[in-house]
Amino acid sequence: MNKTELIEHLASKHELTKAEAGRILETLLDAVVTNVKKGNAVTLPGFGSFKQHARAARNGVNPSTGAKIKIAAAKLPKFTPGAGFKAAVDPKAAARKAAKVAAAPKKAAAPAKKAKGKKG
């Protein structure tokens with residue numbers, strides 16, 4: 001699905017014109033890009049989160065010449081899919097994870113500490 005198809009899908013699903021759906025999509029994308037650019041995370045529960053990831057400067061090797069090169073530090077966007085998105089894409093993996101969590105032994109609650117009273 002490309003951007004045009006997504007706009008058409010939004011327009012048909014919510015009885016909007018394609019122009020309105022396009023403006024809504026542009027507003028959404030602009031909000032995500034602007035916030036991630038500022039260093040803020042954008043979290044959409046069930047879908048995922050967008051964050052800024054800093055990559056440190058490092059040394060590399062040019063594969064064709066074998067010469068050592070310096071690779072500059074960079075800030076990159078990073079998307080981490082949410083549990084609902086992962087489960088929709090691979091339901092078998094989600095079922096395995098749920099079974100594993102259910103089978104894990106639960107820790108017993110620690111007994112409450114007694115309050116120290118003053119001696120009178």
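This report walks through a predicted model of a protein, from its overall layout down to a few single residues.

## The overall layout

Let us start with the whole chain. The protein has 120 residues, and 10% of them count as buried. Its accessible surface comes to about 10,500 Å², with 61% of that belonging to carbon and sulfur atoms.

Four helices and five strands make up the elements of the protein.

## The three-stranded sheet

Now look for the open sheet, in which three strands are arranged in the order E1-E2-E5 with antiparallel pairing. Strand E1 (42-44) and strand E5 (74-81) are the edge strands, each pairing on one side only. From one strand to the next, the twist averages 30°. As background, strands of a sheet pair through backbone hydrogen bonds, and the pairing can be parallel or antiparallel.

The pairing of E1 with strand E2 (residues 48-55) is antiparallel and runs over three bridges. One helix also belongs in this picture: helix H2 (residues 18-38) lies across E1, E2 and E5, and it runs at about 35° to E2.

## Two bridge partners in the sheet

Thr-43 sits in strand E1, Ser-49 sits in strand E2, and Ser-49 is the bridge partner of Thr-43. Are these two residues buried or exposed? Ser-49 counts as buried because its relative accessibility is 9%, under the 20% cut-off. Thr-43 counts as exposed because its relative accessibility is 52%, over the 50% cut-off.

Their contacts can be listed too. Leaving out residues up to four places away in sequence, Ser-49 touches Val-42, Thr-43, Lys-78, Phe-79 and Thr-80. For Thr-43, with neighbours within four places in sequence set aside, the contacts are Gly-48 and Ser-49. Thr-80 can also be related to Thr-43 by distance: the two are 37 residues apart along the chain, and their C-alpha atoms are separated by 9.4 Å.

## The hairpin

Next comes a separate pair of strands. Strand E3 (residues 58-61) and strand E4 (residues 68-71) run antiparallel and are joined by four bridges. Together E3 and E4 form a hairpin, with six residues between them. In the turn, Gly-66 has a positive phi of about 80°.

Arg-58 has Ile-71 in E4 as its bridge partner, while Val-61 has Lys-68 in E4 as its bridge partner.

## The largest pocket

Which residues line the largest pocket? They are Leu-28, Leu-29, Val-32, Val-33, Leu-44, Phe-47 and Phe-50. The volume of this pocket is about 250 Å³.

H2 is the helix that lies across E1, E2 and E5, and H2 also gives the largest share of the lining of the largest pocket, with four residues.

Ala-21 is part of helix H2, and it counts as buried because its relative accessibility is 0%. Apart from neighbours within four places in sequence, Ala-21 is in contact with Ile-7, Leu-10, Ala-11 and Leu-16. Between Ala-21 and Glu-8 there are 7.6 Å in space, C-alpha to C-alpha, and the two are 13 residues apart in sequence.

Glu-15 belongs to the loop between helix H1 (3-13) and H2. With a relative accessible area of 76%, Glu-15 is exposed. The backbone at Glu-15 deserves a look as well: its phi is near 50°, a positive value in a residue other than glycine. For context, most residues other than glycine have a negative phi.

Methods:
Residues numbered from 1 in each chain as written. Predicted model: local features only at pLDDT ≥ 70, side-chain atom pairs only at ≥ 80, totals over all residues. Heavy atoms only, no water. Buried < 20%, exposed > 50% of the residue type's maximum accessible area, 1.4 Å probe, protein only. Areas by Shrake-Rupley, 256 points an atom, 1.4 Å probe, with all protein chains shown as cover. Pairing = 2+ DSSP bridges. Axes fitted to C-alpha atoms, helices over the stretch in contact; angles between N-to-C directions. Contact = heavy atoms within 4.5 Å. 1 Å grid on protein atoms, 1.4 Å probe; cavity = no way out; pocket = protein on both sides within 12 Å on 5 of 7 lines; lining within 4 Å. Points joined across faces, edges and corners; volume = space filled by probe spheres on them.
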